[in-house]
Every structure is written in C-alpha cells, then in structure tokens.
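The stops below are given in the order in which they may be selected.

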Amino acid sequence: MTTTIRVLIADDQMMVRQGFTVLLNAEPDIEVVGQAVDGADAIDQAAELAPDVVLMDIRMPGVGGIEATRRLTEPAGATVKILVLTTFDLDEYVYEALRAGASGFLLKDASADELAHAVRVVAAGDALLAPNITKRLIGEFSRVSAAAPRGPLRDRVGDLTERETEVLTLIAQGLSNAEIAARLVVAEQTVKTHVSRILFKLALRDRTQAAVFAYETGLVRPSAF
C-alpha cells in the first residue's frame, strides 16, 4: 500500500499555490492538504494539518519563509520537511533557509515531474542536493563561513571517525549514497549506516544540514568540486 505524502503549499501568490496544487494532486501518492498565504499562516496550518512536506516560498509579507522554516523545524522531534521555493537559482536567501532547517530548494519554474520528484525525495528524508545548481548555491553562500571556521563547530568534527568524516565530505559534494558506496567501494547499506551515525553525532536533521555543516566548519571548501 502506497503512503500518501501530505503537502502544504505556502506562497503569497494565489496562482502559484493553485498551479502547484493542481500539479501535485495529479500524482497518485501526493495530496495537497492546505494552502498558506504567508509564513505565519504556514505555521498555523502545519500545526493543524500535520503535513509531511511544506513547499515554502522565501519572500512573503509578514513572517517570511526563512523564519517560518526555523519555527517549524526547531522543536525537538519536528518531522516536517521544508522544500524552499524560489524564483532565482542564486537567491541569497536560499542558503539562509537551508541553515534554518530546509531540506532543499526548488525553482518555481520547475516542471511537474521535477516538482513531484522533489517532494518525494524530501519526504523520504533525503536532501535535494543532487542538482549542480544546489551544490553551486551552497558553495557560493558558504564561502565566507568556510573561510573562517567556527571553533565549536569544528570541535564536533572530532567526534567522527575517519570514515565518517570521509562520508561527510562526499555528502557535501552532493553525492548520493549509491555514488558514495561506489567511490569508497563499500555496500550502500554501509554508507546509510555511516550517514545515520553522522547525523546523530552532529545532531543534524538531514543530509542538507550535514552539507552546510561541512562547509561552515571548513571541512569542505567551495572550490573542492
């Protein structure tokens, strides 16, 4: 039996909300359960509707997408995944949204297939890191942070084993579990185990947060790929 992915769309433009609703409701395993007009509305509706994924516009009046993302993902045990919507592939606010807890981002001109794929990837607990555009964005907006590593963050890297550090580096480069397994010549399940331990030891939500962490500690430099 296929589990239906519950989606909440938060965007101040009615046409965007309605357009995405039509596209997603056409998918057999996805259901749009609500539409929010701004960040505050998204927070309220998320509490009431318990969506699996929130498509979150960044630039909205009042409570914006970044603050709404932070409020939705900060509580202990929060399980909702945030997929950020943006008009520009190098929107300076996207990186801040990733730091706030978003699991990935999607351009508003994405195709129906890309939209559905993104929702499924994020709902499954994976990060939307594969596209080159995402790697470029993280690299660009973490450049300053990576140039000046933060001591406390860097100290946390010491909790990782050598192999876990290696896996974290490859995650930050946008490699999937299968690609990491091939690179390290190990089973994919072994990689999954390493990823789980990395997230647990560093108290991170998902692979996106792991990638951001790797850049901000200087473990990976934007010029590394």
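**The loop between α10 and α11**

Begin by selecting valine 185, which lies in the loop between α10 and α11; helices (H or I, at least four residues) and strands (E, at least two) are DSSP runs, numbered from the N terminus. The model is a predicted one, in which local features need pLDDT of at least 70, side-chain atom pairs count only at pLDDT 80 or more, and totals for chains, interfaces and linings use all residues. Residues are numbered from 1 along each chain as its sequence is written, and side-chain values use heavy atoms, with hydrogens and water left out.

Valine 185 has a phi near 55°, a positive value in a residue other than glycine. Most residues other than glycine have a negative phi. Is valine 185 buried or exposed? With a relative accessible area of 73%, valine 185 is exposed; buried means under 20% relative accessible area, exposed over 50%, and partly exposed in between (1.4 Å probe, protein chains only).

Helix α10 (residues 177–184) packs against helix α11 (residues 188–202) at an angle of about 110°, and their axes are 8 Å apart. Axes are lines fitted to C-alpha atoms, for helices over the stretch in contact, and angles run from 0 to 180 degrees between N-to-C directions. The two helices are therefore roughly perpendicular, where angles under 35 degrees count as roughly parallel, over 145 as roughly antiparallel, 65 to 115 as roughly perpendicular and the rest as oblique. To display the contact (heavy atoms within 4.5 Å), select Asn177, Ala178, Ile180 and Ala181 of α10 together with Glu188, Val191, Lys192 and Val195 of α11. By class, the contact of α10 with α11 comprises five nonpolar, one polar and two charged residues. Here Ala, Val, Leu, Ile, Met, Phe, Trp, Tyr, Cys and Pro count as nonpolar, Asp, Glu, Lys and Arg as charged, and the others, Gly among them, as polar.

**From α11 into α12**

Proceed to alanine 203, in the loop between α11 and α12. Alanine 203 has a positive phi of about 55° although it is not a glycine, and at 67% relative accessibility it counts as exposed.

Next, select aspartate 206, which caps the N-terminal end of α12: one of its side-chain oxygens lies 3.1 Å from the backbone nitrogen of threonine 208. Such a polar contact is a pair of N or O atoms within 3.5 Å; within protein, one must be able to donate a hydrogen and the other to accept it, and residues adjacent in sequence count only if both atoms are side-chain atoms.

How many residues of helix α12 (residues 207–216) are buried? The count is 10 of the 10, so α12 is largely enclosed by the rest of the structure. Among the buried residues of α12 are Arg207, Gln209, Phe213, Tyr215 and Glu216. Just after α12, glycine 218 takes a positive phi of about 85°.

**Helix α2 and its surroundings**

Move to helix α2 (residues 39–49), where Gly39, Ala42, Ile43, Gln45 and Ala46 are buried. These buried residues pack against β1 (5–10), β2 (30–36), β3 (53–57) and α3 (65–73). At the start of α2, a side-chain oxygen of aspartate 38 comes to within 3.2 Å of the backbone nitrogen of alanine 40. Just after α2, alanine 50 has a positive phi of about 50°.

Select leucine 55 in strand β3; leucine 55 is buried, with a relative accessible area of 0%. Residues up to four places away in sequence not counted, leucine 55 touches Val7, Leu8, Ile9, Ala10, Phe20, Leu24, Leu83, Leu85, Leu115 and Val119.

Then display helix α1 (residues 14–25) and helix α5 (residues 112–123), which pack at an angle of about 75° with axes 10 Å apart. That angle makes α1 roughly perpendicular to α5. Phe20, Leu23 and Leu24 in α1 meet Ala112, Leu115, Ala116 and Val119 in α5. The contact of α1 with α5 has seven nonpolar, no polar and no charged residues.

**The whole chain**

Finally, zoom out. The chain has 12 helices and five strands, and 52% of its 225 residues count as buried.
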